[in-house]
Amino acid sequence: MRSLQVGDLVASFTPSFPITARQPARYQRAIEFIGRQGLRFLPGHLTGKDDHYRSGSARERAEELNALLRNPEVRCVMSTIGGSNSNALLPYLDYEAFRRDPKIVVGYSDSTAILLALYAMTGVPTFYGPALVASLGEFPPLVDEIWRYFAAIAMENPAYPLTLPKPTHWTEERLPWESQDRAKTMQANQWHCIQPGRAEGRLIGGNLNTLYGFLASPYFPAIQPGDILLLEDSLKDAATVEKNFAMLKLAGVLDQAGAVLLGKHEGFDDCGSKRTPADILLEVLDGLDVPILADFDCCHTHPMLTLPLGVRVRVDTQALRVELLEDWRELV
């Protein structure tokens, strides 16, 4: 497994919501951005397809991804966006093709199911990071910052341990994608220590709401004592967030966690409770002394960091510091 290089072929797949059909202007903007980075682009065969709430049947969507995993020229496979039912693809994916020819597979949100399944079945790290349309169709300066964080992990050759940067600003402003004509308004950024502590462990996780769709399956990585959990979500209410945190507790996941990286929650609805997602997590933990760093920037808000899943990380919540301890390329 190697870094992405100028001239390489980047391909896209649409595992759930048919975003390329619904938001063609933003999709085109993202393709043009990829080209300006010196990379070639290959669209998946479901590009432009629209089957109501999805881009195609589960088998069709899986075959779109499989074709890219089997293509030796493709060195990076990027989801176009998430959705609600990427978990339906998991029985049909060609895990052996990914094992034979490991490549960068990146996305976020509902793509969590695919990222974690590929890792669970092969041991090859995958990447929680930008999605083609949702991230790279954004306006400058945010799109440039998102790409800079991705390239620092996926294209460059940094020394490890690697301390992840904290973006100076962030935004959750929502503008109509097809008519957007300006950069989003940003605000000063900060991470927060919710429970103090230090921990080292394997990074596992992603979108909280997606996890319950495949948690009790062979496609979910077996949680190990000390794992660092990345948990983030978007546009959910307090009741749903409590349900999902409780799901992790009931499944024994939280009991084994070495620490939690809690991402910013875009458009959170507190249902009038005045509670934050961190407040709800503390209540669910019920005194369990797990270090928690909240408002982390690997989530649905912009800009987002890129994190390789399956690598060892070090978290110091009081120092507001997160470090990657391993080079993902050396794990394959």
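**Pockets and cavities**

A: Happy to: the largest pocket holds about 800 Å³ of space. On a 1 Å grid over the protein atoms alone, a pocket is an open set of points with protein on both sides within 12 Å along at least five of seven lines. Grid points are joined across faces, edges and corners, and a volume is the space filled by probe spheres set on the points.

Q: Before we go on, what kind of model is this?

A: This is a predicted model, where local features need pLDDT of at least 70 and side-chain atom pairs count only at pLDDT 80 or more, while totals for chains, interfaces and linings use all residues. Residues are numbered from 1 along each chain as its sequence is written, and side-chain values use heavy atoms, leaving out hydrogens and water.

Q: How many residues line the largest pocket?

A: Its lining has 37 residues, and Gly83, Ser109, Ser234, Leu235 and His300 lie nearest the centre. A lining residue has an atom within 4 Å of a point.

Q: And how does that lining divide by class?

A: Into 11 nonpolar, 18 polar and 8 charged residues. Here Ala, Val, Leu, Ile, Met, Phe, Trp, Tyr, Cys and Pro count as nonpolar, Asp, Glu, Lys and Arg as charged, and the others, Gly among them, as polar.

Q: What about the second largest pocket?

A: That one has a volume of about 210 Å³. Of its 16 lining residues, Gly263, Lys264, His265, Pro277 and Asp295 lie nearest its centre.

Q: Switching to cavities, how many are there of 30 Å³ or more?

A: There are 2. A cavity is a set of points where a 1.4 Å probe fits but cannot get out.

Q: Which residues line the largest cavity?

A: Among them are Leu208, Leu231, Phe245, Gly263 and Pro277. The space in this cavity is about 50 Å³.

Q: And what classes line the second largest cavity?

A: Its lining has 8 nonpolar residues, 1 polar and no charged ones. Phe220 and Val253 are among the residues there, and the space is about 40 Å³.

Q: One more: is Thr301 buried or exposed?

A: Thr301 is buried, as its relative accessible area is 1% (buried means under 20%, exposed over 50%, partly exposed in between, with a 1.4 Å probe and protein chains only).

Q: What does Thr301 touch?

A: Not counting residues up to four places away in sequence, Thr301 touches Trp170, Thr171, Glu172, Lys264 and Glu266. Contact means heavy atoms within 4.5 Å.
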